[in-house]
Amino acid sequence: MKVLGMCLVFAGCLGIGLYYRMQELFRYRNLQEIQKAMAVLRGEIASVKSPLPEAVFQASKRTRGVMSSFFAEVAEELEEGQGELCRIWSDKLKDGVPGMQLCEEDRMELERMGEMLGYLDTEMQKRSIDLYTERVKQSIQEMERNGEKRSRLYPVLGTAAGILLCILMI
């Protein structure tokens, strides 16, 4: 019975390490999708001169996963006229953050982006999008530099913790 318990503890610790590794991967992919959505949003605002609900809808069509549904929900509520963009953006962000696997800093910056989009003129919206896109690009580059180390580190730490707990159980 003790051996079974040790195996379960070890498997649980390894699973936690793999879970954190997957969190990093999902965060990386979601930041890439945000970057893509911002490029679409900027293009719609700058070139096509689309109204904001249409621009956000186009961003939802060109992204995947959680980010696509986030932008689609924001666009839908904007079309229905259910309030101003910054409030809708913030509400949908709070609803979708657990599925987005974004860290607190990413979430705060994305929320600030929603505040900037709602009330500025076209030129300022483009600048805000450019600034935010640059921040996302820096986050992605940092993850690329440190991501390989972290992706190896989390399962190793989980394994080490599992072995340590198994030794303590003996």
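A salt bridge is a side-chain nitrogen of Lys or Arg within 4 Å of a carboxyl oxygen of Asp or Glu. By that criterion, the structure on display, which is a predicted model, holds 12 salt bridges. The tour begins with the whole chain and returns to one of these pairs.

**Whole chain.** The C-alpha trace extends over about 65 × 35 × 20 Å along its principal axes. The radius of gyration of the chain is 20 Å, whereas a compact globule of 170 residues would have a value near 15 Å.

**Helices α1 and α6.** Next, select residues 2-48, which form helix α1, together with residues 122-169, which form helix α6. How do the axes of α1 and α6 cross? They come within 9 Å and cross at roughly 175°. Because angles over 145 degrees count as roughly antiparallel, α1 is roughly antiparallel to α6. The contact of α1 with α6 contains 26 nonpolar, 12 polar and 10 charged residues.

**R150 and E24.** Now show the side chains of R150 and E24, which meet in a salt bridge with an N to O distance of 3.5 Å. R150 belongs to helix α6 and E24 to helix α1; the pair links distant parts of the chain, 126 residues apart. Side chains of opposite charge can pair when their charged atoms come close.

**A surface patch.** Finally, select M1, L4 and L8. These residues form a nonpolar patch on the surface, with about 410 Å² of accessible area together. One of them, L4, lies in helix α1.

Terms used: Residues are numbered from 1 along each chain as its sequence is written. This is a predicted model: local features need pLDDT of at least 70, side-chain atom pairs count only at pLDDT 80 or more; totals for chains, interfaces and linings use all residues. Side-chain values use heavy atoms; hydrogens and water are left out. Patches are made of residues with over 30% relative accessible area and no salt bridge: like charges are joined within 9 Å, nonpolar side chains (Val, Leu, Ile, Met, Phe, Trp, Tyr) within 5 Å. Accessible areas come from the Shrake-Rupley method with a 1.4 Å probe; for residues, only the protein chains shown count as cover. Helices (H or I, at least four residues) and strands (E, at least two) are DSSP runs, numbered from the N terminus. Axes are lines fitted to C-alpha atoms, for helices over the stretch in contact, and angles run from 0 to 180 degrees between N-to-C directions. Angles under 35 degrees count as roughly parallel, over 145 as roughly antiparallel, 65 to 115 as roughly perpendicular and the rest as oblique. Ala, Val, Leu, Ile, Met, Phe, Trp, Tyr, Cys and Pro count as nonpolar, Asp, Glu, Lys and Arg as charged, and the others, Gly among them, as polar. The radius of gyration is taken over C-alpha atoms; the globule rule is 2.2 Å times the number of residues to the power 0.38.
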